[in-house]
Amino acid sequence: MMVTSGVSKPVLALFPGQGSQIVGMSRKVAENSPHASEVFDAASNVLGIDARALCWRTPIETLTLTENAQPAITIASLASWAATRGDLADAPTTAAGHSVGAIAAAVAAGCLSLSSAFELAAARGQLMADVPGRGSMLAVAVGAVDSVDEQEQRAQSLANRFALDVGAVNGPTQIVLSGEHDAVVAASEELGGKAKQLAVSHAFHSRMMVPAEERWQALIERIEIGDPEAGSYHGCITGARAQSAVSVRQDLASSLTMPVLWSRVMTATKDLPEVRVFGPGKAIARLAKPYSKRRTIVEQETGR
């Protein structure tokens with residue numbers, strides 16, 4: 001649904017992570033919004049590629065490759081955000097992104113420039129794609145618990161049981177485990193219908209990403225990051241609102257090996273009356289629904 005009217009009530013702006021990519025993402029937005037089109041132009045110039053071809057005409061098997069998916073999702077998400085940025089001018093906005101989505105969220109929070117965001121997303125995707133070893137990830141359905149702390153403890157217990165890491169705590173009934181492919185397969189077989197192996201090439205948010213961490217953190221240290229507006233950036237790794245550029249930098253720097261604490265993000269922001277999902281955000285919209293009582297979830301139109 002395309003929203004054109006301005007809003008003044010507080011908004012939670014969400015940006016998706018890898019796995020959300022679709023061929024043609026944000027094409028209609030760019031064709032209808034000069035601001036969105038400018039984002040594709042900027043990405044093409046910064047990265048030396050045809051950003052429109054990457055997002056709109058790349059076969060899904062190629063688009064899904066980590067080195068392609070991460071910059072493509074970032075470009076499409078920021079184009080979607082740019083198309084409605086004027087509508088949010090008077091609205092207090094908190095931005096949060098799932099995994100690589102945190103880069104786009106940092107732009108929306110005024111912490112990163114577009115060019116820095118494109119550079120970071122492309123470098124992150126390539127660094128993670130180059131990590132050696134065969135890793136995988138497993139989404140596990142679990143029963144609801146009374147608190148985020150209890151959910152995280154249960155996730156860690158399950159990870160320990162299978163010699164894996166907690167990749168994400170996505171909501172009251174879903175956690176993600178990450179690690180060696182064989183260990184993920186063994187866990188999937190034992191857990192049966194409760195588990196679904198994700199279509200990813202590596203074990204993101206696990207110790208298997210350590211070989212890429214030093215170069216990633218060095219890049220983060222070189223990038224100019226500004227202070228967010230009060231409460232405008234909520235870290236998906238720290239699970240907390242960033243109070244300064246230092247906090248934003250910390251959240252981005254630790255995003256390769258540490259788990260995504262999405263439940264903490266959604267619990268802390270559950271009182272914001274409107275959620276806007278940018279980019280190819282159907283998955284991230286689903287994760288918001290358990291926390292959406294008495295508030296609106298708007299998916300910015302991003303289709304072919």
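Colleague: Which exposed residues are carried by the face of α8 turned away from its buried side?

Modeller: This is a predicted model, in which local features need pLDDT of at least 70 and side-chain atom pairs count only at pLDDT 80 or more, while totals for chains, interfaces and linings use all residues. Residues are numbered from 1 along each chain as its sequence is written, and side-chain values use heavy atoms, with hydrogens and water left out.

The face you ask about carries Gln153, Asn160 and Arg161, where exposed means over 50% relative accessible area, buried under 20%, and partly exposed in between, with a 1.4 Å probe and protein chains only. Helix α8 itself runs over residues 148–161; helices (H or I, at least four residues) and strands (E, at least two) are DSSP runs, numbered from the N terminus. Its 14 residues reach 20 Å from the first C-alpha to the last, close to the 20 Å expected at 1.5 Å a residue, the expected span being 1.5 Å times one less than the number of residues.

On the buried side we find Val148, Gln151, Glu152, Ala155, Leu158 and Ala159. These residues lie on the same side of α8 because they cover an arc of only 125° around the axis, an arc taken from the directions from the helix axis to the C-beta atoms. An α-helix has 3.6 residues a turn, so residues three or four places apart point the same way.

The buried residues of α8 pack against β3 (135–141), β4 (165–171), β5 (174–180), α9 (181–191) and α12 (262–268), with contact meaning heavy atoms within 4.5 Å. Just after α8, Ala163 takes a positive phi of about 55°.
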